[in-house]
Amino acid sequence: MRDVSYPVIDMKATGKRIRQLRIEKGIKIDEIAKFMGFSMPQAIYKWQRGDCLPSVDNLYALSILFDTTMEEILVRKK
């Protein structure tokens with residue numbers, strides 16, 4: 001087996017990536033909340049701040065909304 005360290009997601013960098021993709025696509029936070037079926041956008045703000053990560057289902061939905069892969073959204077700690 002190769003000498004590879006266990007992959008860990010960088011929550012802060014992933015949050016910045018979500019914000020970057022949202023801005024690049026011209027999508028407002030309220031539009032994401034509506035797309036996700038959220039009554040309030042607090043979860044999206046938490047994702048963007050890197051306080052928490054989207055669930056796998058929400059990550060998949062973001063990848064569809066941003067027209068990218070889940071791997072392109074997630075940022076690995078170096």
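**Helices and salt bridges in a predicted model**

Colleague: To begin, where does aspartate 67 lie?

Modeller: Aspartate 67 lies in the loop between helix H4 (56–66) and helix H5 (70–73). Helices here are DSSP runs of H or I with at least four residues, numbered from the N terminus. The model is predicted, so local features need pLDDT of at least 70 and side-chain atom pairs count only at pLDDT 80 or more, while totals for chains, interfaces and linings use all residues. Residues are numbered from 1 along each chain as its sequence is written, and side-chain values use heavy atoms, with hydrogens and water left out.

Colleague: Is aspartate 67 buried or exposed? And what is its phi?

Modeller: Aspartate 67 counts as exposed because its relative accessibility is 65%. Buried means under 20% relative accessible area, exposed over 50%, and partly exposed in between, with a 1.4 Å probe and protein chains only. The phi of aspartate 67 is near 55°, which is positive although the residue is not glycine.

Colleague: On to charges: how many salt bridges are there?

Modeller: The count comes to 3 salt bridges, each a side-chain nitrogen of Lys or Arg within 4 Å of a carboxyl oxygen of Asp or Glu. In one of them, lysine 12 pairs with aspartate 51, and their closest N and O atoms are 3.7 Å apart. Lysine 12 is in helix H1 (residues 11–25) and aspartate 51 is in the loop between helix H3 (42–49) and H4, so this pair ties together parts that are 39 residues apart in sequence.

Colleague: Which residue does arginine 49 meet in a salt bridge?

Modeller: Arginine 49 meets aspartate 51, with an N to O distance of 2.7 Å. Lysine 12 is partly exposed at 48% relative accessibility, as is aspartate 51 at 40%, and arginine 49 is partly exposed at 45%.

Colleague: And what does glutamate 72 pair with in a salt bridge?

Modeller: Glutamate 72 pairs with arginine 17, at 3.8 Å from N to O. Glutamate 72 belongs to helix H5 and arginine 17 to helix H1, so the pair ties together parts that are 55 residues apart in sequence.

Colleague: Leaving aside neighbours within four places in sequence, what is arginine 17 in contact with?

Modeller: Arginine 17 is in contact with Glu72, Ile73 and Val75, where contact means heavy atoms within 4.5 Å.

Colleague: Changing topic, which residues of helix H2 are buried?

Modeller: In H2 (residues 29–36), Ile29, Ile32, Ala33 and Met36 are buried. Down the axis of H2, its buried residues fall within an arc of 100°, so they line one face of the helix; the arc is that of the directions from the helix axis to the C-beta atoms. Asp30 and Lys34, on the other side of H2, are exposed.

Colleague: What covers the buried residues of H2?

Modeller: The cover includes H1, H3 and H4. After H2 comes glycine 37, with a positive phi near 80°.

Colleague: Lastly, at what angle do the axes of H1 and H3 cross?

Modeller: The axes of H1 and H3 cross at roughly 120° and come within 5 Å; axes are lines fitted to C-alpha atoms, for helices over the stretch in contact, and angles run from 0 to 180 degrees between N-to-C directions. Lys12, Gly15, Lys16, Ile18, Arg19 and Arg22 of H1 meet Trp47, Gln48 and Arg49 of H3.

Terms used: Helices (H or I, at least four residues) and strands (E, at least two) are DSSP runs, numbered from the N terminus.
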